[in-house]
Amino acid sequence: MFAKDHIEYEAVDLPDRTELSDAEMLTEAQAFYDKIKRRHTVRDYTDRQVPREVIEECIRAAGTAPSGANHQPWHFVAISDPTFKHRIRLAAEEEERKFYEGGAGDEWLKALEPIGTNDDKPHLDQAPWLIVVFAQRWGHFDDGERFKNYYVPESVGIASGFLLTALHCAGLVTLTHTPNPMRFLNEMLGRPASEKPIMIVAVGHPTEDAKVPKVAKMKKPLDEILTVAE
């Protein structure tokens, strides 16, 4: 952790070690791919509730992500209160209307056509939980003095990936929502100016007739995303 007082480097033995054969490593890698490829971005949610403890454990997992200088520059706000969720929906839809009415530009809107999105965001009401991810651009010591955080976008991006993976492994579906701008979330959720809202993650269970865009299942093949130098 980061502290104002100087902390000397101290090494400790690797606390958790896994030794696998090459064959076992491949089996584990293939099993993970088989699980993660079943993750879907979903907009249709049932009213089935999700225990708070499940959300907490998934956020705990996100908090184990690596970060610049181990500053852990993130904060998560989990919301289940219907009134709060509805306020977020109304504010988000106001920004989305500006986006779809021309603020995004023709090229961006054309790129979104196969996804089928618009300014109507009922999932922000329907999903039992919304998790707002904040990036902490700087922090403060106990005496109020400011300190800088490092590699904030990269760190928060990794933690967000951990969060989505944990929620998927817990049997839940998600949708990442990024209305722009999102500063309304700071005031609404009581977060300081040092934090920048990055995304809203809707979390819950899919309806029986939930749909996903066909194009969303079209992933680039390995030879398009991988270059090997050996």
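Strands β5 and β6 run antiparallel and are joined by five bridges; strands count as paired if DSSP finds at least two bridges between them. Val173 has Gly204 in β6 as its bridge partner. Helices (H or I, at least four residues) and strands (E, at least two) are DSSP runs, numbered from the N terminus.

This is a predicted model, in which local features need pLDDT of at least 70 and side-chain atom pairs count only at pLDDT 80 or more, while totals for chains, interfaces and linings use all residues. Residues are numbered from 1 along each chain as its sequence is written, and side-chain values use heavy atoms, without hydrogens and water.

In β5 (residues 173-177), four of the five residues are buried. Buried means under 20% relative accessible area, exposed over 50%, and partly exposed in between (1.4 Å probe, protein chains only).

The largest nonpolar core has 23 residues. Such a core is a set of buried Ala, Val, Leu, Ile, Met, Phe, Trp, Tyr and Cys residues joined through side-chain atoms within 4.5 Å. Helix α6 gives the largest share, seven residues. Another core, of 21 residues, lies apart from it and includes Phe134, Val173, Leu175 and Met182.

There are ten salt bridges, each a side-chain nitrogen of Lys or Arg within 4 Å of a carboxyl oxygen of Asp or Glu. Three of them are listed here.

| Salt bridge | N to O distance |
|---|---|
| Asp34 and Arg38 | 3.0 Å |
| Glu57 and Arg60 | 2.9 Å |
| Arg191 and Glu195 | 2.8 Å |

Glu57 and Arg60 are three residues apart in helix α2, so about one helical turn separates them. Glu195 is buried, at 2% relative accessibility, whereas Arg191 is partly exposed, at 22%.
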